[in-house]
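Take the chain below as a whole before turning to its side chains. The text that follows goes from overall figures to charged groups and then to aromatic rings.

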Amino acid sequence: MHRTTREPLRDMEKNNKSKNRREFLQSGVRLSLALALGGVSGLSLSKAIKDDYVWQIDPFVCTQCGRCATECVLNPSAVKCVHAYDLCGYCDLCGGYLKPDSNARTTAAENQLCPTAAIERKFIEEPYFEYHINEDLCIGCAKCVKGCTSFGNGSLHLQIIHDICLNCNECSIARMCPSDAIKRVKASEAYNIKGDWTKPTT
């Protein structure tokens with residue numbers, strides 16, 4: 001049977017289409033693998049960054065605005081009050097424990113500044129008292145911190161507790177902080193407390 005000149009052309013076109021289809025599929029597979037590997041490496045990189053750095057509050061910049069209690073994605077907040085004992089005066093009249101208008105210097109609920117009674121007051125000897133923070137009760141409202149800063153030595157301050165914190169890529173509290181007091185720091189520096197720091201001179 002005699003073949004026309006168009007038949008070889010059709011055969012070539014068919015072969016080219018098959019070849020193009022194979023190349024397209026192969027390139028698609030390569031692209032999918034590249035994207036998958038890129039995604040895995042990207043996740044690994046972001047996880048490494050997330051694991052190496054955590055959020056921390058600078059107590060010298062914090063203004064005790066109260067947003068740590070309301071803006072955290074967790075309820076109660078991952079922000080808690082911590083106590084720098086080396087700065088504490090162990091005062092009977094503690095500005096972080098007692099309301100300014102309290103009727104007596106006692107542990108009665110109506111005299112306590114903390115809305116959840118998270119600060120425990122313990123008598124040592126006259127006229128000294130020791131104050132402990134019950135982390136389970138603390139909601140990070142900063143009322144005690146504000147009182148201690150205004151009428152005391154400033155030994156009470158807020159800090160992010162990393163056993164609780166989800167370490168979000170973008171901290172919702174940091175985003176809303178009016179004084180920009182929350183920063184990313186190395187995990188090894190995460191639990192410095194106010195008494196361990198040297199106050200900036202600038």
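**From the chain to its side-chain pairs**

Of the 202 residues in the protein chain, 32% are buried, where buried means under 20% relative accessible area, exposed over 50%, and partly exposed in between (1.4 Å probe, protein chains only). The model is a predicted one, in which local features need pLDDT of at least 70 and side-chain atom pairs count only at pLDDT 80 or more, while totals for chains, interfaces and linings use all residues. Residues are numbered from 1 along each chain as its sequence is written, and side-chain values use heavy atoms, with hydrogens and water left out.

The protein chain has 4 helices and 6 strands; these are DSSP runs numbered from the N terminus, helices being H or I with at least four residues and strands E with at least two. Along the sequence their pattern is α-β-α-β-β-β-α-β-α-β. Contacts are counted where heavy atoms lie within 4.5 Å. Among those in the protein chain between residues at least 6 apart in sequence, 72% join residues at least 24 apart. The accessible surface of the protein chain is about 13200 Å², and carbon and sulfur atoms account for 56% of that; the areas come from the Shrake-Rupley method with a 1.4 Å probe, and for residues only the protein chains shown count as cover.

Turn next to the charged side chains. The structure contains 4 salt bridges, each being a side-chain nitrogen of Lys or Arg within 4 Å of a carboxyl oxygen of Asp or Glu. Asp-92, Arg-105 and Arg-121 are linked in a network of such bridges. In the bridge between Arg-105 and Asp-92, the closest N and O atoms are 3.4 Å apart. Both residues lie in the loop between strand 2 and strand 3, 13 residues apart. Arg-105 is partly exposed, at 46% relative accessible area, whereas Asp-92 is buried, at 17%. Asp-92 also bridges to Arg-121, with the closest N and O atoms 2.7 Å apart. Arg-121 belongs to strand 3 and Asp-92 to the loop between strand 2 and strand 3, so this pair ties together parts that are 29 residues apart in sequence. Arg-121 is buried, with a relative accessible area of 14%. Another of the salt bridges joins Glu-170 and Arg-175 at 3.7 Å, N to O, and both of these residues are exposed.

Arg-121 leads on to the aromatic rings. Its charged end sits over the ring of Phe-129, 3.7 Å from the ring centre; the criterion is NZ of Lys or CZ of Arg within 6 Å of the ring centre and within 35 degrees of the ring normal.

The structure holds 2 aromatic pairs. Rings of Phe, Tyr and Trp (its six-membered ring) pair if their centres lie within 6.5 Å, and planes under 30 degrees apart count as stacked, over 60 as edge-to-face and the rest as tilted. Tyr-97 and Tyr-131 make a tilted pair, 5.5 Å centre to centre with 50° between the planes. This pair links distant parts of the chain, 34 residues apart: Tyr-97 is in the loop between strand 2 (79–83) and strand 3 (119–125), and Tyr-131 is in strand 4 (residues 128–133). Tyr-97 is buried at 2% relative accessible area, and Tyr-131 is buried at 3%. The ring centres of Phe-123 and Phe-129 are 5.3 Å apart and their planes stand at 65°, so that pair is edge-to-face. Phe-129 counts as buried at 12% relative accessibility, while Phe-123 is partly exposed at 47%.
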